[in-house]
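Q: I have a new structure to read. Can you take me through it feature by feature?

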Amino acid sequence: MADRTTPPGWYDDSRGALRWWDGTQWTEHVQTPDAETGETASDEGIDAAASLPAELAPEGASPAVSAPPGYPGGFPGGTAPSGGFISATEPKKSKLWIVWVVVGIVLLGLVVAIAVLIPLIIGLVNGAQGVSDADRASAVSTVELYDEAWQTGDCDKFQASTTENFREGLQIVDCASFTAASQGFVDSVDDYKLNVTSVQSEDADQVTVLTSETYTSTVDDQGNQTDEALPYEDRYAYILIPAGDGWAIDQALDASE
């Protein structure tokens, strides 16, 4: 027996614990796999446990090294847990952050969409209302230029404020015809005043200027002379279209009704 000594160390007692072998006998010192201890069995000591004489092992114990049930190597001297054991036992991480990331992306998308859509919507609304304020003012100026042409007999202003289609409709296609018509207008009316009552635009290619035009005349509705001047008010809807850098009257409709 003397030649079969086993060096002191921690050896598996096959009961789920490590027991201290002092070189000659088992002691009462025991380590369990979940005990807090700064010492671990070395590979050398574990290997040595296999060489313990059967008669020196604790009663009912086997010199073979085995891991306690439920601990796949997870005890002093064993191998580190891995694979499915880690997956099953490691703390689960919250995935709530994924929800917040998705919400953040959605909100960002809404902000971008709003930033893009608001100017677009404003543009569409403006488009539905018609042209810009500058174009509206230009259209009104054209109607006023047309009125001035009639009161002064200025053919250049008459042609600048009207389209060829409009002049053909009036059967005033040249300056001689306009001069004669303008003179008849001046001789038959007094105190002619043009007031713009409304400016409308359905799209970017058309502006409608509504007017109320007041004057007095010694000629009645049938063209007969009267003893005294009678007051009149005419309402027109001038339809203007783009022409060059501005607008030109293309139609003049009776808007009295």
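A: Start with one idea. A nonpolar core is a set of buried Ala, Val, Leu, Ile, Met, Phe, Trp, Tyr and Cys residues joined through side-chain atoms within 4.5 Å. Buried means under 20% relative accessible area. Keep in mind that this model is predicted.

Q: How many residues does the largest nonpolar core have, and which residues have the most contacts inside it?
A: The largest nonpolar core has 24 residues. Val 209 and Leu 240 have the most contacts inside it.

Q: Which elements give two or more residues to this core?
A: They are α4, α5, α7, β4, β5, β6 and β7. The largest share comes from α4, with 6 residues.

Q: What is Leu 240 in contact with, leaving aside its neighbours within four places in sequence?
A: Ala 139, Thr 142 and Val 143 are among its contacts.

Q: Let me step back. What does the secondary structure come to?
A: The protein has 7 helices and 7 strands. Along the sequence, the pattern reads β-β-β-α-α-α-α-α-α-α-β-β-β-β.

Q: How do strands of a sheet pair?
A: In general, strands of a sheet pair through backbone hydrogen bonds, either parallel or antiparallel. Here, 4 strands form an open sheet with antiparallel pairing. Their order is β4-β5-β6-β7.

Q: Which are the edge strands?
A: An edge strand pairs on one side only. In this sheet the edges are β4 (189–203) and β7 (246–254). From one strand to the next, the twist averages 25°.

Q: Over how many bridges do β5 and β6 pair?
A: Strand β5 covers residues 206–219, and strand β6 covers residues 225–243. The two pair over 12 bridges, in the antiparallel sense.

Q: Which strands does helix α4 touch?
A: Helix α4 (residues 133–152) packs on the sheet and touches β4, β5, β6 and β7. Its direction makes about 155° with that of β4. Helix α7 (residues 175–188) also packs on the sheet, touching β4 and β5. The direction of α7 makes about 120° with that of β4.

Q: Which cysteines form a disulfide?
A: The test is a pair of cysteine sulfur atoms within 2.5 Å. By this rule there is 1 disulfide. Cys 155 and Cys 175 form it, with their sulfur atoms 1.9 Å apart.

Q: Why is the disulfide left-handed?
A: The torsion about the S-S bond of Cys 155 and Cys 175 is about -85°, so the disulfide is left-handed. Now place its ends. Cys 155 lies in helix α5 (residues 155–160) and Cys 175 in helix α7, so the pair ties together parts that are 20 residues apart in sequence.

Q: Is Cys 155 buried or exposed?
A: Cys 155 is buried, because its relative accessible area is 9%. Cys 175 is partly exposed, at 32%. Ala 176, in helix α7, is exposed, with a relative accessible area of 58%. Ala 176 and Cys 155 are 21 residues apart in sequence, and their C-alpha atoms are 8.5 Å apart in space.

Q: What share of the protein is made up of buried residues?
A: Buried residues make up 29% of the 257 residues. The protein exposes about 16400 Å², and carbon and sulfur atoms supply 55% of that area.

Conventions:
Residues are numbered from 1 along each chain as its sequence is written. This is a predicted model: local features need pLDDT of at least 70, side-chain atom pairs count only at pLDDT 80 or more; totals for chains, interfaces and linings use all residues. Side-chain values use heavy atoms; hydrogens and water are left out. Two strands pair if DSSP finds at least two bridges between them. Axes are lines fitted to C-alpha atoms, for helices over the stretch in contact, and angles run from 0 to 180 degrees between N-to-C directions. Contact means heavy atoms within 4.5 Å. Buried means under 20% relative accessible area, exposed over 50%, partly exposed in between (1.4 Å probe, protein chains only). Accessible areas come from the Shrake-Rupley method with a 1.4 Å probe; for residues, only the protein chains shown count as cover.
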